[in-house]
Amino acid sequence: AQGNIKLGEKAYREQRYGDARKYYTIATTTLESIEGRLDSVIFEAIEDGFLQLEAKDSATATKAFNFVLSIQSRHDQAIKGLARAQTLDQVLALINEAEGYEKLNNLPAALTRYREALKLDAEAPSASSAILRIKSIQFDNKFQRIMSTGFAAFELNDDARAKAAFENAKKLKPHSNAVNEALTQVNNRILANRISKRLIAAIAFEKQEEWVKAGKQFRLAITLDANLDGAENSARQADRRAKLDQQLDTMIGQPHRLGTNAVHAEAQALLKTARSISTPGPVLQRQITSLERAIVIARTPLPVTLVSDNATEVTLYKIGPLGKFDQHSVSLIPGQYVVVGKRAGFRNVRVEFEVSPEQQDALITVQCEEKLAFGT
């Protein structure tokens with residue numbers, strides 16, 4: 001085209017206008033043909049450039065993109081391709097280094113090199129997929145480390161540490177069957193240990209005959225497992241023994257009440273219940289012995305001496321009139337008594353006294369001494 005243009009210019013200067021028109025026409029046709037091929041040539045050159053990038057041939061890729069830019073200096077794909085071609089060798093070196101670290105299982109170093117490659121070329125070959133692969137491996141490694149820690153703690157019966165490890169693993173993989181099974185296993189053992197602790201405490205309290213505490217421990221075990229074999233019966237048995245224990249202590253602690261027939265009958269029934277226990281512990285045995293002694297003492301008469309003035313009419317409630325006397329001896333079972341003295345012209349007297357084994361040979365004075373005023 002340029003040759004025909006020169007020939008046309010020469011013919012034009014020599015005023016051979018027909019020849020000049022002929023040469024210019026040929027040149028124009030040629031240039032129009034070139035222009036028609038322009039897009040196809042650029043496309044082929046761009047495609048070749050990127051193929052060379054994939055083939056890791058930076059020199060040929062650079063040449064292809066420079067060719068395009070010599071035609072269109074602002075061609076975006078050529079500019080981008082040229083930039084990648086200019087860093088390709090460095091990027092490939094980084095990727096090669098990263099792959100080496102990966103083979104040595106130095107994943108942090110490999111990850112660093114892959115990231116450096118991506119900084120230079122966002123489309124660095126295999127870098128993005130390698131980063132995803134390494135992150136996945138690191139994630140799995142972390143998960144396995146945590147699970148291993150949990151299993152090791154479980155083997156050492158350190159259930160709290162094992163549970164904490166498995167819960168951390170669950171945060172990483174919420175739907176992992178392995179995690180859920182491990183948590184179920186450790187939680188079951190924790191629950192079993194808590195139940196066992198309550199039952200051991202309950203049995204210890206039973207041996208010590210601390211029935212209220214034993215019943216409480218059995219019921220705490222039941223709250224952990226409502227279907228616990230025998231725990232409910234044991235709790236009810238502990239309640240019955242606690243009630244019996246309280247009744248015995250109350251009866252033994254108030255021996256003066258045993259003098260009345262109703263309380264005496266109640267004590268006998270309570271004693272029968274206590275004796276029916278097939279294997280009484282030392283506490284119950286002491287209670288039985290103490291109540292037996294208290295019942296005997298409560299029904300054993302004790303000597304009491306009443307002193308008067310031989311002028312006062314003396315009546316001892318529960319016994320009857322004793323008449324006048326200077327001194328009168330009676331035998332009374334332990335309990336509360338009232339003696340009343342009456343004498344004409346004198347104010348009546350009333351004396352309340354208690355007969356108890358602690359006060360042997362009690363001396364009770366009953367005599368009317370306060371004269372009534374005239375007419376009273």
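# A guided tour, ring by ring and helix by helix

Start by selecting phenylalanine 353, which is buried, with a relative accessible area of 6% (buried means under 20%, exposed over 50% and partly exposed in between, using a 1.4 Å probe and protein chains only). Before you go on, note that this is a predicted model, where local features need pLDDT of at least 70 and side-chain atom pairs count only at pLDDT 80 or more, while totals for chains, interfaces and linings use all residues. Residues are numbered from 1 along each chain as its sequence is written, and side-chain values use heavy atoms, with hydrogens and water left out.

**Stop 1: the aromatic rings**

Rings of Phe, Tyr and Trp (its six-membered ring) pair if their centres lie within 6.5 Å; planes under 30 degrees apart count as stacked, over 60 as edge-to-face and the rest as tilted. Tyrosine 337 belongs to strand E5 (residues 335-342) and phenylalanine 353 to strand E6 (residues 349-355), so the pair ties together parts that are 16 residues apart in sequence. Helices (H or I, at least four residues) and strands (E, at least two) are DSSP runs, numbered from the N terminus. Tyrosine 337 is buried too, at a relative accessible area of 7%.

Now show lysine 318, which lies over the face of tyrosine 337 at 4.8 Å from the ring centre. A charge sits over a ring if NZ of Lys or CZ of Arg is within 6 Å of the ring centre and within 35 degrees of the ring normal. For another example, select arginine 189, placed over the face of phenylalanine 154 at 3.7 Å from the ring centre.

How many aromatic pairs does the structure hold? There are four. One of them joins tyrosine 12 and tyrosine 17 edge-to-face, with 5.5 Å between the centres and 70 degrees between the planes. Colour tyrosine 17 by accessibility and you will find 43%, which counts as partly exposed.

**Stop 2: valine 304 in strand E1**

Next, select valine 304, found in strand E1. Is valine 304 buried or exposed? Its relative accessible area is 1%, so it is buried. Leaving out residues up to four places away in sequence, valine 304 touches His328, Ser329, Val330, Leu332, Phe353, Val355, Ala362 and Ile364 (contact means heavy atoms within 4.5 Å). Then draw a distance from valine 304 to leucine 224: these residues are 80 apart along the chain, and their C-alpha atoms are separated by 62 Å.

**Stop 3**

Select residues 231-253, helix H10. Its 23 residues should span 33 Å at 1.5 Å a residue, and the end C-alpha atoms are 32 Å apart, which agrees; the expected span is 1.5 Å times one less than the number of residues. Show the buried side of H10, including Ala231, Arg241, Leu244, Asp245 and Met251. The buried residues of H10 pack against helix H9 (211-224), helix H11 (261-275) and helix H12 (282-298).

Which residues line the largest cavity? Select Glu209, Trp211, Arg241, Leu244, Asp245, Val283, Leu284 and Gln287. H10 and H12 are the elements that give two or more residues to this lining. The volume of the largest cavity is about 30 Å³. On a 1 Å grid over the protein atoms alone, a cavity is a set of points where a 1.4 Å probe fits but cannot get out, and a pocket is an open set with protein on both sides within 12 Å along at least five of seven lines; lining residues have an atom within 4 Å of a point. Grid points are joined across faces, edges and corners, and a volume is the space filled by probe spheres set on the points.

**Stop 4: the largest pocket**

Of the 15 residues lining the largest pocket, show Pro255, His256, Ile297, Pro357 and Glu358, which lie nearest its centre. H12 and E6 each give two or more residues to the lining, and H12 supplies the largest share, five residues. This pocket has a volume of about 220 Å³.

**Stop 5**

Select asparagine 157, in the loop between helix H6 (127-155) and helix H7 (159-172). Its phi is near 65 degrees, a positive value in a residue other than glycine, and at 54% relative accessibility asparagine 157 counts as exposed. Move on to asparagine 310, in the loop between strand E1 (302-307) and strand E2 (313-316). Asparagine 310 has a positive phi of about 65 degrees although it is not a glycine, and it is partly exposed at 42%.

Finish at serine 58 in helix H3 (residues 58-71). Serine 58 is buried, with a relative accessible area of 13%, and beyond its neighbours within four places in sequence it is in contact with Ala85, Leu88 and Asp89.
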